Amino acid sequence: MNENNLIEIRDLSIEFKLRSGTIRAVDHVSLDIPRGQVTALVGESGSGKSTLASAILNIVSAPGTIKNGSIFINGQDMLRYNANRLRQHRWADVSMVFQAAQNALNPVMRIGDQMIETVLAHQKMSKEEINKKASQLLDYVRLEPDRILKAYPHELSGGMKQRVMIAFSLLLDPQLVILDEPTTALDVITQDYIFDILLKVHKEMNITMLLLSHDISVVARVADRIGVMYAGKIVEVGETFEMFENAKHPYTAGLIQAAPSILDDVNDNRSIKGSSPNLLNLPPGCAFHPRCEFATDLCKQDEPRAISVDSGRISACHLNEKGEMLA
Amino acid sequence: MRGMIDFFRIICHNKRSLIGLIILVIFILMATAGPFIFKLNMTVDYNNRYLSPSLEHWLGTDFAGRDTFIQLVHGSKEVLLVGLLAAFFTLFVGALLGTLSGLVGGRLDAGIMLITNLFLTIPSFPILIIMAAIFSIRDPISFALVLSAWSWPGLTRAVRSQIISLKERDFIVICKVMGMSKPHIIFKELMPSITSFLSISFIMTMRGAITGSVGIMMLGLAPYSPTNWGQMLNLAVSQTGGIFNPLGFIYLFSPILCLAFFQLGSIFFANGIDEALNPRLRG
Amino acid sequence: MSSLLELRNISMIFEQKSGMLGKPTPISAMTDVQLSFEPGEILALVGESGCGKTTLGKVVTGLHKPSKGQLLFQGKDVWNMNKAEFSEYRQSVQLVQQDSYAALNPMRTIFQSLSDPILQHKFVRSRKEVYERVCELLNTVGLTPPEQYIEKYPHQMSGGQRQRVLLARAISLKPKLIVADEPVSMIDVSLRMAILRLMSTLNKNLGIAFIYITHDLATARYIAQHGRMAVMYLGKIVEQGSVHDVLAAPQHPYLQALLSAVPVPNPRIAKAKRELPLKSLDMPSITNPPSGCSFHPRCLYASQTCEQTAPSLMPSDKTIVSCHHVEKVPKWTIATVK
């Protein structure tokens, strides 16, 4: 295992058995999450990013099952942890900020009490110590500790609840924080300062972050590295600046083109043609070919493998194999 | 038509509800076709009393020499009929009042809720007994009315809450913007969303009514027919000494078992209804 | 010549009950809003949650009766119309809601949901005509071949497809104006442009006016390219004008803050350090709005006048702005560093 990587996901596959068939939500995915960086995972709904992230905490929801693969953290495969070690791992090694914060908080408990309960489930600390730490973290996310610790979730706005969730995720000094669409359902101004806070946390506490989003504009600001997923597979990985300036996979290029922006020429914007893939009935060959303007006959027959096209760059596209670059 | 086929296909697919369906069908056959197939003979025949089960008398004979099984079959007709009628009355009144209350709101709502709450606070079974004693029950209809008098309030409240929450849903709000008529909103938009709830309520009310009716008949308050299960239980206790007479066990326990099986069948069947009626659960 | 629709000094005040014995507190969701629409035009109504834009949409579609002011449709006060006139208004002003899943009856197929309004208003006469009309509508919104979607239930379709169905339903009554309340916010970013382009096409080809309500300035800019934009804050319009003018030279400090906060798909610009031109980040509660200009607690350029008197919309440069010190506000650029 490479020392620079906090987490190495190798050949992970997760399946969902439904009445109408079996879905490969995550299909032989290998991904590195380097220490001390913000890695973003971008993809449309149904691309598999949330399922992949839930595997890192081993909380894939039924009827999903992990079919094969390993997730190495500091050299150990956490999928093979026993129940005790797994409990330690969850929240103390890796924590998560869920989408739509409102659902993650217990509506009948005060915030302060929930924080105490969370910490006590993992380590022995006195209530005063926990309160002190909680107050520090709440301060950090620009909330008033006195008011928030005594409050119930329904007394807070969406933006405040999301900040509370970030504070929660930091309670046990985790090595990795996973953020699943942390700002959907929040307004732009709230979104802006949530990301400000996340960047501050990342820099000052040196916490590795994995950010999941369907919006590539949002990750442009925050991420150091971007991984793009489509139909359960990784299609491209690379450094943020390089990805935007020189995308190697047509889907990545499509996502960047399709993102509405206040700066570009309104007539320039193009959306990706077609609709999201039906995971129960994927096309043969490359799953993206029906929507790709560069698709060749080979693309319709052969599934491309993810290969290293440059140092640190991975792409799964036949066009790259031949050495052709996308403009 | 396609809806009906789909409905039964899903019921049959779910093992529980399939068993429930089979049990209910057996009872329905027992109640409808049974009396024609097995002719009732209530003439007293002391020489043949307390006979064990045999090919001639499938469940043996009772304290007066009459066939137990045939009595059971004839009794089922009475019992199921009363249960069905009570469930219909309850459903009609409950759904109507609940919908009106929820949709119209305001003072009508307040008035209906006042009456409903009044009924709910009074304990049902003791009043039922008193009512049964006062209004002499001579036929299934009056019996069913008495039984439903206390089950409509619960349904009214439940339907009202469902309607109130549905009223605010986006797909109902848009009906107003599109100028859809009130009958359309009630019957095509709101009702289908509560059909599953109403069906399950229907079955549960029927179940409750049957149990209640057997209880009342057992107490001898509705003796208009000698073969219904409640009356059988009444006679079992008064004439054969109940559980103290081993010879009378079959006569005592057969209506009890029938009742238990019917309840089981209803609950199992209801289990599959939600899945069958809700397109989202069908996948 | 009266405009298609006009909001004349409309205020919406809701009473929030505080417990059983407390006096109800009045909440001003909209204050003195003045807006008018011509046939076929597009207006983007922009603001964050709690600013009153959804309430405005509900007032326009007749779901809320204004507490003060008048809603005029083709010159007549909607709430004083006779039955026939009101019926015409109802048909002419339609709504596309944000949550496409909640906006469709989960128990009814797409065919049923689309044929209900057509049959209600007797647009067609036979079963065959209904079927043809529904197929035609599905084709218009890009759901082809229609036969593939007709028998589906809402949960069997994707968010983008459902949103198209909502549009099909809205145009089925041949309306003159459609209010679209955050129509793409629940759809993936990569699929939003397709829906917006559809709305643009419907506007051009069918001459339907659109009020596009959103908190996302990027999409607002796209859809209302040749139209107008109005920015709302705590129930009032703070800036208004043609989209081009409003975005080329935004004058109200709130709008400038919004523009600075919009994510940009360009890492060089996005990562450039900057702070929002705001004094405080949290939106004041609508139950207890600030005195004078409701934006003053967060405004970098606020003075004592701002705390005491509320400004009114005045023409300034090429747009109309509600700000006492609009001349003090600097010109906005993407890299506005504090």
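User: In this predicted model, where in chain A is A:Pro63 placed?

Analyst: The model is predicted. Helix 1 of chain A covers 49-56 and strand 4 covers 64-73. A:Pro63 sits in the loop between helix 1 and strand 4.

User: Is the peptide bond from A:Ala62 to A:Pro63 cis or trans?

Analyst: Most peptide bonds are trans. The bond from A:Ala62 to A:Pro63 has an omega near 5 degrees. That bond is cis.

User: Which residue does a cis peptide bond join to C:Thr144 in chain C?

Analyst: The bond in question has an omega of about -10 degrees. Its proline lies in the loop between helix 4 (127-140) and helix 5 (147-150) of chain C. The residue joined to C:Thr144 is C:Pro145.

User: Is A:Asn206 buried or exposed?

Analyst: A:Asn206 lies in the loop between helix 7 (188-205) and strand 8 (208-213) of chain A. Its phi is near 50 degrees, a positive value in a residue other than glycine. A:Asn206 has 10 inside 10 Å, so it counts as exposed.

User: Is C:Glu182 buried or exposed?

Analyst: C:Glu182 also has a positive phi, near 50 degrees. This residue is in the loop between strand 7 (177-181) and helix 7 (189-206) of chain C. The cut-off for burial is 20 or more neighbours. C:Glu182 has 20 C-beta neighbours inside 10 Å, so it counts as buried.

User: How many of the residues of helix 10 of chain C are buried?

Analyst: Helix 10 spans residues 253-261. Its buried residues include C:Tyr254, C:Leu255 and C:Leu258. The helix is largely enclosed by the rest of the structure, because the buried count is nine of the nine.

User: Which helix of chain A do the buried residues of helix 10 of chain C pack against?

Analyst: Within chain C, these residues pack against helix 8 (217-223), strand 9 (228-233) and strand 10 (236-242). They also pack against an element of chain A. That element is helix 7.

User: How many nonpolar residues does the side of chain C that touches chain B have?

Analyst: In this pairing, 22 residues of chain C are in contact with 18 residues of chain B. Helix 2 (83-92), strand 6 (93-96) and helix 3 (110-120) of chain C each supply at least two residues of that side. By class, the side of chain C has nine polar, three charged and 10 nonpolar residues.

User: What pLDDT does chain C average?

Analyst: For the complex, the predictor gives an ipTM of 0.84 and a pTM of 0.83. In chain C, 96% of the residues score at least 70. The average pLDDT of chain C is 88.

How values were computed. Residues are numbered from 1 along each chain as its sequence is written. Chains are lettered from A and ligands numbered from 1 in the order in which they are written. This is a predicted model: local features need pLDDT of at least 70, side-chain atom pairs count only at pLDDT 80 or more; totals for chains, interfaces and linings use all residues. pLDDT is the predictor's confidence in each residue, from 0 to 100. Helices (H or I, at least four residues) and strands (E, at least two) are DSSP runs, numbered from the N terminus. A residue is buried if 20 or more other C-beta atoms lie within 10 Å of its own, exposed if 12 or fewer, and partly exposed in between; C-beta atoms are placed from the backbone. Two residues are in contact if their C-beta atoms, placed from the backbone, lie within 7 Å. Ala, Val, Leu, Ile, Met, Phe, Trp, Tyr, Cys and Pro count as nonpolar, Asp, Glu, Lys and Arg as charged, and the others, Gly among them, as polar.
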